[in-house]
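Student: I would like to learn how to read a pocket and its surroundings in a protein model. Could you take me through one?

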Amino acid sequence: GFGRSDLLRARQRDDVTAELRALYQRVLDAVRLRDTTALAPLLADGYLFTDGTTGALVTKRDRLQAVAQGSESIDALHLDSLAVRLYPDAAVASALVRQVGARAGTRTTQVIRATVVFVRARGRGWLVAATHTSAGHEPSPD
């Protein structure tokens with residue numbers, strides 16, 4: 001049956017999922033604001049970013065530089081969903097992010113699918129270790 005320890009585990013899983021969702025939204029907010037001071041400590045030292053549009057594999061240092069220089073205007077980066085699979089000191093999540101902004105003077109809304117790897121770092125809590133984005137696409141009309 002579904003006992004007390006199962007309920008406790010489910011509550012802990014929900015708490016960690018909420019913590020990871022908040023962490024990833026902080027990452028998105030820092031990217032939107034081009035705030036590399038806020039972003040840097042949220043990313044693991046060995047962080048890797050795979051750009052789904054270009055296929056480029058980017059280090060933490062290069063990702064921070066790209067965020068600071070941002071070539072497009074981002075008005076909003078909203079985390080619509082985050083499906084999480086937890087492991088003892090890691091988690092893998094599939095995120096759905098809605099980006100609203102402007103590129104080359106044209107207003108755009110993109111839906112971006114990202115696979116995010118979180119690690120629990122001693123003394124630092126959860127960090128983002130890697131992100132792989134799929135190419136963003138315009139949302140389909142309802």
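**Reading the pocket**

Tutor: The largest pocket has a volume of about 820 Å³. A volume here is the space filled by probe spheres set on grid points, which are joined across faces, edges and corners. This is a predicted model: local features need pLDDT of at least 70, side-chain atom pairs count only at pLDDT 80 or more, and totals for chains, interfaces and linings use all residues. Residues are numbered from 1 along each chain as its sequence is written, and side-chain values use heavy atoms, with hydrogens and water left out.

Student: What is the general idea, and which residues lie nearest the centre of the largest pocket?

Tutor: Rolling a probe the size of a water molecule over the atoms shows where empty space is left. On a 1 Å grid over the protein atoms alone, a pocket is an open set of points where a 1.4 Å probe fits, with protein on both sides within 12 Å along at least five of seven lines; lining residues have an atom within 4 Å of a point. Here 34 residues line the largest pocket, and Phe49, Asp51, Arg63, Glu72 and Gln99 lie nearest its centre. Elements giving two or more residues to this lining include helix H1 (4–33), helix H3 (60–69) and strand E3 (73–87).

Student: Which element gives the most to the lining?

Tutor: H1 does, with 5 residues. Helices (H or I, at least four residues) and strands (E, at least two) are DSSP runs, numbered from the N terminus. The protein chain has 3 helices and 6 strands, in the order α-α-β-β-α-β-β-β-β from the N terminus on.

Student: Is Leu77 buried or exposed?

Tutor: Buried means under 20% relative accessible area, exposed over 50%, and partly exposed in between (1.4 Å probe, protein chains only). Leu77 sits in strand E3 and is buried, because its relative accessible area is 8%. Across the protein chain, 34% of the 142 residues count as buried.

Student: What does Leu77 touch, leaving out residues up to four places away in sequence?

Tutor: A contact means heavy atoms within 4.5 Å. The partners of Leu77 include Leu28, Val31, Val97 and Gln99. Gln99 is also one of the residues nearest the centre of the largest pocket.

Student: What stands out about the phi of Arg34?

Tutor: Its phi is near 55°, a positive value in a residue other than glycine. Arg34 lies in the loop between H1 and helix H2 (36–39), and counts as partly exposed because its relative accessibility is 35%.
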